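Q: Could we go through this model together, beginning with the aromatic residues and then moving to the contact between the chains?

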There are 2 protein chains.
Amino acid sequence: MDMTQTIASIPLFAGLTPMQCASLGAIAVCRTFSRGQSFFYEGDEGIGFYVILSGKVKIFKLSSEGKEQIFHILEEHEPFGEAAVFAGEHYPASAQALVETRSLFFPRLKFVEVISREPSLALSMLALLSLRLRKLASLVEDLSLKEVPGRLAAYLLYLYEHNDDSATVKLDISKNQMAGLLGTIPETLSRILKRMNDEKLIKVTTRSILILNEQGLADLARGARRLA
Amino acid sequence: MDMTQTIASIPLFAGLTPMQCASLGAIAVCRTFSRGQSFFYEGDEGIGFYVILSGKVKIFKLSSEGKEQIFHILEEHEPFGEAAVFAGEHYPASAQALVETRSLFFPRLKFVEVISREPSLALSMLALLSLRLRKLASLVEDLSLKEVPGRLAAYLLYLYEHNDDSATVKLDISKNQMAGLLGTIPETLSRILKRMNDEKLIKVTTRSILILNEQGLADLARGARRLA
DNA sequence: ACTGATGTTTGACTTAAGTCAAGGCGCAAC
DNA sequence: GTTGCGCCTTGACTTAAGTCAAACATCAGT
């Protein structure tokens, strides 16, 4: 598949004309990262942003004691590093490949140049950033206003809703990563999964979770219920 | 002062030509809110965004038990509600005037229309959203990876750095609001201020705080030090 | 298939920070 | 001035969640 085609297939760039896609294609660079490899670290100079073609990437920060807060886990077609393109000079968080990941890299200055000529692209980027803002706001809300069982319930329901068919949510990240995403640690996550399991809200297996009581989880997520 | 003048004086719109300012002025509406009045509530339809002309506005969410997490406290010339303009249909948080506040309101659709004709305005908005994203990311970091003394130290240093001259930081929000901003409650804030005071990091008075040991606060903010 | 590295669970313990309740301070209105 | 109402502080208590340590399961790479 040639570059213009590839770019046209990315939702962020939906609505662009073939010619616009071609001008983006002219500045994009393919880059592949192996499992565990870092795209950039927090504080690095923001030289451009990436769009994932295949693979999985986590965006995170580490505390001085080594605890990790994951901001997002991103998959195919999702962009990252874009906040550094338009403001400030450094990346606000680190990005690391969780599995082998192919990506397109868009250098900052060239991309800004293209965008100032393409209002529809600018609007797409505005929509993207607004969406990110919304997600982060909800993470702040969860961290500050909910306890871990509430966050976990909200997360499971989120997975459940974006699930193809069954009530079985398959976990495609490790429970360690999941703990990082929920702003807690593996031990706490493990204990709370067990309590939810005991209360027959869910059935936990190694790589998946069966939702048994959706309403119960929803109550937990809203803070209208507590675990024993 | 006429509308075009007013708009030209807002940093977000810096760099726009007088004609561009005039087209923004044509769609802007002046609105004044009294102390305690709400601009919008979380979940309301996102019909447009505001820029503060004078006054002070808090952006926040409430938990089901009534605890408040403040996202930002905004002052003159700062915009808010902009994330709802470009994505999604509702405001992700609530906005309330802390004092009598004059503002300009930009209706969503008209603003999007103007922006798609003005690339430089689009770039300003992208920069704004990126900056907000950065601030929220750092709030997530603080909430998840730091304890309250660390958050408070970071906040005091922030005030200190944006301070005109002296080592005396004057508090222009109540300590209750400050607790909400730090993701904690007034009692906890009070206790920690006292501990910092006892350790001679700061000198607390009613409406202001004197910074005595900047380095100590910095260490606390970095997690390299603990309060007794 | 082996094996070392990662990921997961469990138990005992510690602790930061929240809750509840009472009292003091300070400003604004009468 | 004094009354009254938010704001702020303090103390005693509770609790969610983190730490430390040990054992076990699972996975990826040789």
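**Aromatic rings and the chain contact**

A: B:Phe80 is buried, since its relative accessible area is 2% (buried means under 20%, exposed over 50%, partly exposed in between, with a 1.4 Å probe and protein chains only). This is a predicted model, in which local features need pLDDT of at least 70 and side-chain atom pairs count only at pLDDT 80 or more, while totals for chains, interfaces and linings use all residues. Residues are numbered from 1 along each chain as its sequence is written, chains are lettered from A and ligands numbered from 1 in the order in which they are written, and side-chain values use heavy atoms, with hydrogens and water left out.

Q: How many aromatic pairs are there over all chains?

A: A search of the whole structure gives 26. Rings of Phe, Tyr and Trp (its six-membered ring) pair if their centres lie within 6.5 Å; planes under 30 degrees apart count as stacked, over 60 as edge-to-face and the rest as tilted.

Q: How are the rings of B:Tyr50 and B:Phe80 arranged?

A: They are stacked, because their planes are at 10° with the centres 5.3 Å apart. B:Tyr50 lies in strand E3 (residues 48–54) of chain B and B:Phe80 in strand E6 (residues 79–80) of chain B, so the pair links distant parts of the chain, 30 residues apart (strands, E, of at least two residues and helices, H or I, of at least four are DSSP runs, numbered from the N terminus).

Q: Is B:Tyr50 buried or exposed?

A: B:Tyr50 is buried, at a relative accessible area of 3%. B:Tyr50 also forms a tilted aromatic pair with B:Phe105, at 4.9 Å centre to centre and 50° between the planes. That pair too links distant parts of the chain, with B:Phe105 in strand E8 (residues 101–107) of chain B, 55 residues from B:Tyr50. B:Phe105 is buried as well, with a relative accessible area of 5%.

Q: And in chain A, which residues do ring pairs link into a cluster?

A: The cluster consists of A:Phe33, A:Phe39, A:Phe40, A:Tyr50, A:Phe80, A:Tyr91 and A:Phe105.

Q: Turning to the interface, what area is buried between chain A and chain B?

A: About 3600 Å², with carbon and sulfur atoms giving 71%; buried area is the accessible area (1.4 Å probe) that two parts lose on being put together, summed over both. A:Leu133, A:Arg134 and A:Leu145 supply 19% of the area that chain A buries against chain B, more than any other three residues. The contact takes 44 residues from chain A and 44 residues from chain B, where contact means heavy atoms within 4.5 Å.

Q: How many salt bridges cross the interface?

A: The rule finds two, a salt bridge being a side-chain nitrogen of Lys or Arg within 4 Å of a carboxyl oxygen of Asp or Glu. One of them joins B:Glu141 to A:Lys61, with the closest N and O atoms 2.8 Å apart. On the side of chain A that touches chain B, H5(A) gives the most, with 21 residues.

Q: Where is A:Ser144, and what does it touch in chain B?

A: A:Ser144 is in helix H5 of chain A and counts as buried at 11% relative accessibility. Leaving aside neighbours within four places in sequence, A:Ser144 is in contact with B:Lys67, B:Gln69, B:Leu143 and B:Gly183.

Q: Last topic: is A:Lys200 buried or exposed?

A: A:Lys200 is exposed, with a relative accessible area of 61%. A:Lys200 sits in the loop between helix H8 (186–198) and strand E10 (202–204) of chain A.
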